[in-house]
Amino acid sequence: MKNTVKQLRKQAGMRQEDMARLLGVSRQTIIAIENDKYNPTLELAMKIAKLLGLHVDEIFFLDEE
């Protein structure tokens with residue numbers, strides 16, 4: 001699964017630390033999600049979407065290679 005978390009986070013003016021704190025996860029979790037090394041749980045994906053004011057499918061998508 002791919003995502004646009006990094007770009008959206010930067011557009012929102014947030015640091016990785018800020019996003020992690022607001023979501024109740026570690027900065028390492030945010031780094032892993034942004035680098036496509038970790039697929040978040042549905043709950044976390046929904047929290048990220050809510051924080052960014054978007055729908056989950058606007059942030060996370062299947063890689064169609």
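This is a predicted model: local features need pLDDT of at least 70, side-chain atom pairs count only at pLDDT 80 or more; totals for chains, interfaces and linings use all residues.
Let's start with a pair of helices. Two packed helices are described by the angle between their axes and the distance between the axes. Here, helix α2 (residues 16-23) packs with helix α4 (residues 42-52) at an angle of about 115°, and their axes are 10 Å apart. The crossing of α2 and α4 is right-handed. On the α2 side, Met19, Leu22 and Leu23 make the contact, while α4 brings Leu44, Lys47, Ile48, Leu51 and Leu52. Sorted by class, the contact of α2 with α4 has seven nonpolar residues, one charged residue and no polar ones.

**The two sides of α4**

Which residues of α4 are buried? They are Leu44, Ala45, Ile48, Ala49 and Leu52. These residues sit on the same side of α4, because they cover an arc of only 140° around the axis. An α-helix has 3.6 residues a turn, so residues three or four places apart point the same way. The face of α4 turned away from the buried side carries Leu42, Glu43 and Lys50, which are exposed. As for partners, the buried residues of α4 pack against α1, α2, α3 and β2 (60-61). After α4 comes Gly53, with a positive phi near 70°.

In soluble globular proteins, nonpolar side chains tend to be buried together. In this model, the largest nonpolar core has 15 residues, and those touching the most other members are Val5, Met19, Ile48, Leu52, Ile59 and Phe60. Helices α1 (5-11), α2, α3 and α4 each supply at least two residues of this core, and α4 gives the most, with five residues.

Leaving aside neighbours within four places in sequence, Val5 is in contact with Met19, Ile33, Glu34, Ile48, Ile59 and Phe60.

Now turn to Arg9, which lies in helix α1. Is Arg9 buried or exposed? Arg9 is buried because its relative accessible area is 5%, and the cut-off for buried is under 20%. Beyond neighbours within four places in sequence, Arg9 is in contact with Met14, Arg15, Gln16, Met19, Glu34 and Leu52.

**The loop between α3 and α4**

Asn35 is found in the loop between α3 (27-34) and α4. Asp36 lies in the loop between α3 and α4 as well. The C-alpha atoms of Asn35 and Val5 are separated by 9.3 Å, and these residues are 30 places apart along the chain.

Most residues other than glycine have a negative phi. Asp36 is not a glycine, yet its phi is positive, at about 55°.

| Residue | Relative accessibility | Class |
|---|---|---|
| Arg9 | 5% | buried |
| Asn35 | 42% | partly exposed |
| Asp36 | 31% | partly exposed |

Why does Asn35 count as partly exposed? Asn35 has 42% relative accessibility, and partly exposed is the class between buried, under 20%, and exposed, over 50%.

How values were computed:
Residues are numbered from 1 along each chain as its sequence is written. Side-chain values use heavy atoms; hydrogens and water are left out. Axes are lines fitted to C-alpha atoms, for helices over the stretch in contact, and angles run from 0 to 180 degrees between N-to-C directions. Helices (H or I, at least four residues) and strands (E, at least two) are DSSP runs, numbered from the N terminus. A crossing is left-handed if the near helix is turned anticlockwise from the far one by less than a right angle, and right-handed if clockwise. Contact means heavy atoms within 4.5 Å. Ala, Val, Leu, Ile, Met, Phe, Trp, Tyr, Cys and Pro count as nonpolar, Asp, Glu, Lys and Arg as charged, and the others, Gly among them, as polar. Buried means under 20% relative accessible area, exposed over 50%, partly exposed in between (1.4 Å probe, protein chains only). A nonpolar core is a set of buried Ala, Val, Leu, Ile, Met, Phe, Trp, Tyr and Cys residues joined through side-chain atoms within 4.5 Å. The arc is that of the directions from the helix axis to the C-beta atoms.
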